[in-house]
Amino acid sequence: MYSFKRQSASSAIFEIFNSVLMLIVCFVTLYPIWYVIVNAFNDGADAMRGGIYWWPRQFSLDSFQAVFRSEGIMTAMGVTVAKTLIGTPVHVFFTAMVAYAFSRRELVGRKLYMFIGTVTMFFGGGLIPYYLLIRDLHLLDNFLVYIIPAAFSFFDLIIFLSFFREIPPGLEEAAKIDGANDFKIFYKVIIPVSMPVVATIALFHGVYQWNDYFTGMIFINDTKLQPIQTYLYRVVAQSSSNQMLASMPSGMAVSVTSQSLKLATMVVTTAPIVFVYPFLQKYFVKGFMIGSIKE
């Protein structure tokens with residue numbers, strides 16, 4: 001009885017410790033985001049005094065009005081939406097098609113291809129050879145630089161492959177009896193029964209396309225082709241916020257500062273994906289679980 005009580009007390013202490021630790025981790029993770037939001041909605045000139053930690057001291061939307069008055073941010077938002085809506089289905093289609101080929105045991109050289117693909121997950125030529133490749137493909141300052149290099153991912157192929165291997169072979173055999181070829185089996189049979197993994201990979205790549213700033217920063221010089229995250233980088237790291245201030249009406253410029261413009265731009269560029277992610281999180285979890293449990 002005494003040993004049981006000691007175990008119960010130890011379990012209770014352990015649970016309390018875990019709860020406190022989780023609260024600390026959540027606070028450390030979420031508070032910086034909350035701090036940015038609070039200061040973005042505060043009057044810029046007043047925020048320069050400091051001391052704003054939990055709620056706006058002087059609520060103001062002037063910084064957001066200044067952000068949306070900028071033609072650059074709306075153009076960048078359009079580029080990001082376009083490359084996400086185009087790049088995601090292209091990536092899903094090509095990766096799924098290659099994964100389906102890899103799932104066929106009669107594929108000649110399948111083990112060699114798997115080895116080569118696995119090596120590319122851990123080793124690469126570096127940025128300079130990659131830049132030279134993009135240049136020789138005439139993709140510099142080209143919208144297709146967001147689509148073609150990202151059309152295939154070997155990591156996503158492995159996720160697709162794990163799912164395809166669990167599909168009963170009887171489905172393909174029945175389709176072959178009906179006269180379907182491999183390509184027709186792929187888009188008439190395999191894809192419809194693979195919607196959970198298709199949705200998962202689409203979400204993986206959609207989030208990547210939305211958050212990618214590096215491609216626009218390295219391979220795009222034309223500001224009209226740069227995505228929203230690259231625009232955010234320019235605002236935060238360079239002098240774009242000062243240019244936005246210079247183009248504002250004099251009355252609004254009194255309550256808006258360079259710092260408040262940066263914070264407001266951060267909120268505008270990250271809000272869409274932050275709002276969408278909680279509704280789609282179950283697909284991310286399902287994607288990590290695919291292939292982990294076998295009958």
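In the largest nonpolar core, which has 23 residues, the members that touch the most others are Tyr100, Phe160, Phe164, Ile185, Ile190, Val197 and Ile201; by a nonpolar core I mean a set of buried Ala, Val, Leu, Ile, Met, Phe, Trp, Tyr and Cys residues joined through side-chain atoms within 4.5 Å, with buried meaning under 20% relative accessible area, exposed over 50% and partly exposed in between (1.4 Å probe, protein chains only). At least two residues of this core come from each of helix 4 (71-103), helix 7 (154-164), helix 9 (182-193) and helix 10, and helix 7 gives the most, with seven residues. Helices here are DSSP runs of H or I with at least four residues, numbered from the N terminus.

This is a predicted model, in which local features need pLDDT of at least 70 and side-chain atom pairs count only at pLDDT 80 or more, while totals for chains, interfaces and linings use all residues. Residues are numbered from 1 along each chain as its sequence is written, and side-chain values use heavy atoms, with hydrogens and water left out.

Turning to Tyr100, and leaving aside its neighbours within four places in sequence, this residue is in contact (heavy atoms within 4.5 Å) with Phe164, Glu172, Asp182, Ile185, Phe186 and Ile190. A second, separate core has 18 residues, including Ala66, Val67, Ala76 and Leu263.

Helix 10 covers residues 195-211, 17 residues in total, and spans 24 Å from first C-alpha to last, close to the expected 24 Å, where the expectation is 1.5 Å times one less than the number of residues. Among its buried residues are Val197, Ile201, Phe204, His205 and Trp210.

Finally, Val20 lies in helix 1 (residues 2-40) and is partly exposed, at 43% relative accessible area.
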